[in-house]
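Please read the following points with the sequence and the model side by side.

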Amino acid sequence: MYDGFAQYYDAVMGAPTARLERLAEFVADYGPTGGRALELGCGTGLLLEHLQPDFECSGLDSSPSMLEIAGRRCPAASLYLADMTNFRIGEAFDVIYSLFDTLNHVSPVERWGDVFRLAAEHLRVGGLLVFDVNTRTRLADLSRAEPWSLEVDGARVVLDVTQADSSTDIFEFHIEVSPPGEREPFSEVVPELAVGLEEIEARLHPWFSVLARVDEAGRPAGEISGHVYYACRRR
Ligand SMILES: C[S@@+](CC[C@H](N)C(=O)[O-])C[C@H]1O[C@@H](n2cnc3c(N)ncnc32)[C@H](O)[C@@H]1O
């Protein structure tokens, strides 16, 4: 997943402004404002780069191509090729975060519990967990929308979201890239799982207290919010 798309990721996704703002706000509100930070699903290192002045940064990702870009962007960060549902780093962190609906990439939902347990095991008591999710509302809206296309570095990129089967909560992001010149077009499918907020909180509960649950605008979020950001304290 993401290996073919990695070279286009930054240009297609743009600046990580919204998620960075939310992360910075949570860190300022709930601390700690320094120490060791770990990103689960760090991708090309867009967020790690911004945390580096204040935190000693680590990131893990399951895509070698994404991680290679992160390594060039953040040479001082410790980077791990690993699965966020099954990893062990022999260090305790002050902040662990996973943003841009990375958790939605994990299925089935039981594995979300594995991610929360591993985050708890890698956080010191009192440490902060920050993550965001696309809600079912948002994924369903995206699946009803027209495909979205754009030009990036001379390549044509088309993104289309579908719900493979209405009896499941899996939505598929179909990414098609037609590179310029003679290069072969390629496509990838990135699945995202919709999980209800009540279920997310039940799976957090053994280890974490929820400090904040807000939408894109920082208002209290619910099931009808498109995107939800969580700040949680390791008990
Ligand atoms: C939408 S991107 C987000 C990247 C980055 N967090 C950002 O904000 O730009 C999702 C990333 O999660 C990674 N990923 C998906 N499932 C994963 C898993 N089980 N373990 C580790 N990384 C995973 C993908 O390879 C991809 O780099």
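1. The buried residues of helix H4 are covered by several elements, including H1, H3, S2 and strand S3 (78–81); two residues are in contact if their C-beta atoms, placed from the backbone, lie within 7 Å. Helices (H or I, at least four residues) and strands (E, at least two) are DSSP runs, numbered from the N terminus. The model is a predicted one, in which local features need pLDDT of at least 70 and side-chain atom pairs count only at pLDDT 80 or more, while totals for chains, interfaces and linings use all residues. Residue numbers start from 1 along each chain as its sequence is written.

2. Helix H4 spans residues 64–73, and its buried residues are Met-66, Leu-67 and Ala-70. Seen down the axis of H4, these buried residues fall within an arc of 95°, so they line one face of the helix; the arc is that of the directions from the helix axis to the C-beta atoms. On the other side of H4, Pro-64 and Arg-72 are exposed. A residue is buried if 20 or more other C-beta atoms, placed from the backbone, lie within 10 Å of its own, exposed if 12 or fewer, and partly exposed in between.

3. Asp-101, in the loop between S4 and H5, has a phi near 50°, a positive value in a residue other than glycine, and Asp-101 counts as buried because it has 22 C-beta neighbours inside 10 Å. Asp-153, in the loop between strand S6 (148–152) and strand S7 (155–163), also has a positive phi near 50°, but Asp-153 is exposed, with 11 other C-beta atoms within 10 Å.

4. Cis peptide bonds are also worth checking. One joins Gly-31 and Pro-32, with omega about -5°, and Pro-32 lies in the loop between helix H2 (17–30) and strand S1 (35–40). Another joins Ser-107 and Pro-108, with omega about 0°, and Pro-108 lies in the loop between strand S4 (93–98) and helix H5 (110–122).

5. The chain is divided into domain 1 (6–135 + 194–234) and domain 2 (137–192), with bounds that come from an automatic or database domain assignment. Their contact takes 14 residues from domain 1 and 16 residues from domain 2. Helix H1 (residues 6–13), with three residues, gives the most to the side of domain 1 that touches domain 2.
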